[in-house]
Amino acid sequence: MKQIFLALSIMVAAFASAQSPIKTKASLSDETLVLATFDTIKLLAPDLKGGKPLMQAISNRKSDREFASRNLSLKHLSEILWVANGINRANGKRTVPSAMGQYPLQTYAVLSNGIYFYNPQKHQLEPVVKGDFRNLAGKQTYVDTAPLNLLYIAKGKNANDNFNMAMMDSGYCGQNVYLYCASEGLKCVSRAGAKEAELLKAMNLDSNYNFILAQTVGY
């Protein structure tokens, strides 16, 4: 009798295991990011074999202006920052070109719990200011509830510096994000405006910094 009971217990355990597989690290990375604390976010290495072929991504590229409010997955957040302004070579060069290798643009991520600076060398998001500042990241209503607003901000030598190169560079960053979103089935739109003075003040950036471009990304 005990042997029959033991056999039945093993069969039930095996069935339950088959119905509820253990979550791997990879599957956890695809889950919605939980922003319980305002700390450094260690980003995942990009999946260089993922996504759709380039020509399909270009065919699917478009702008959207309606976004779900749920957070992005860590995978998507990580890869968006990398394609926008990450390092793709051992010599420190980026995923985007920059005239004379100057890279004047800094990339910031406005999430629901605060504004983060993207550190390309460490591939991580570093806290800048805590709080929900999405309403400053743009003038459109969808900006307020979208899970991610990217800010491309240039640091000049002074307030009267020429930011033409930074404007050109922002186009490369923006198009990379557009193509990634088209490849991954995400929504995206570029925006030339934000509540710039309030935004830079909230971020404690002085007059040497200039807002160049923003992008809203989500599902």
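Residues are numbered from 1 along each chain as its sequence is written, and side-chain values use heavy atoms, with hydrogens and water left out. Because the model is predicted, local features need pLDDT of at least 70 and side-chain atom pairs count only at pLDDT 80 or more, whereas totals for chains, interfaces and linings use all residues.

**Pockets and cavities**

Rolling a probe the size of a water molecule over the atoms shows where empty space is left. The search uses a 1 Å grid over the protein atoms alone: a cavity is a set of points where a 1.4 Å probe fits but cannot get out, a pocket is an open set with protein on both sides within 12 Å along at least five of seven lines, and lining residues have an atom within 4 Å of a point. Grid points are joined across faces, edges and corners, and a volume is the space filled by probe spheres set on the points. In the table, Ala, Val, Leu, Ile, Met, Phe, Trp, Tyr, Cys and Pro count as nonpolar, Asp, Glu, Lys and Arg as charged, and the others, Gly among them, as polar.

| Space | Volume | Classes of lining residues |
|---|---|---|
| Largest pocket | about 400 Å³ | nine nonpolar, six polar, five charged |
| Second largest pocket | about 320 Å³ | seven nonpolar, four polar, three charged |
| Largest cavity | about 50 Å³ | six nonpolar, one polar, no charged |
| Second largest cavity | about 40 Å³ | five nonpolar, two polar, one charged |

The largest pocket has a volume of about 400 Å³. Its lining comprises 20 residues, of which Trp82, Val83, Asn176, Leu179 and Tyr180 are the closest to the centre. Helices (H or I, at least four residues) and strands (E, at least two) are DSSP runs, numbered from the N terminus. On this basis, α3 (54–60), α4 (74–85) and α5 (164–184) each supply at least two lining residues to the largest pocket, and α5 gives the largest share, five residues.

The volume of the second largest pocket is about 320 Å³. Among its 14 lining residues, Gln102, Pro104, Lys157, Asp161 and Asn162 are the closest to the centre. Two or more residues of this lining come from each of β5 (148–155) and α5; the largest share, three residues, is that of α5.

Two cavities of 30 Å³ or more are found in the whole structure. Leu33, Leu35, Asn71, Leu72, Leu77, Leu111 and Pro147 form the lining of the largest cavity. Around the second largest cavity are Asn85, Val96, Pro97, Ser98, Tyr103, Leu105, Asp169 and Cys173.

Most residues other than glycine have a negative phi. Tyr103, which also lines the second largest cavity, has a positive phi near 45°. This residue is located in the loop between α4 and β2 (105–111).

Asn204 is exposed (over 50%), at a relative accessible area of 66%.

**Aromatic contacts**

A charge sits over a ring if NZ of Lys or CZ of Arg is within 6 Å of the ring centre and within 35 degrees of the ring normal. Arg94 lies over the face of Tyr103, at 4.6 Å from the ring centre. Arg61 is over the face of Tyr178, at 4.6 Å from the centre of that ring. The structure also holds three aromatic pairs, in which ring centres of Phe, Tyr or Trp (its six-membered ring) lie within 6.5 Å.

Conventions: Buried < 20%, exposed > 50% of the residue type's maximum accessible area, 1.4 Å probe, protein only. Phe/Tyr/Trp six-rings, centres within 6.5 Å; stacked < 30°, edge-to-face > 60°.
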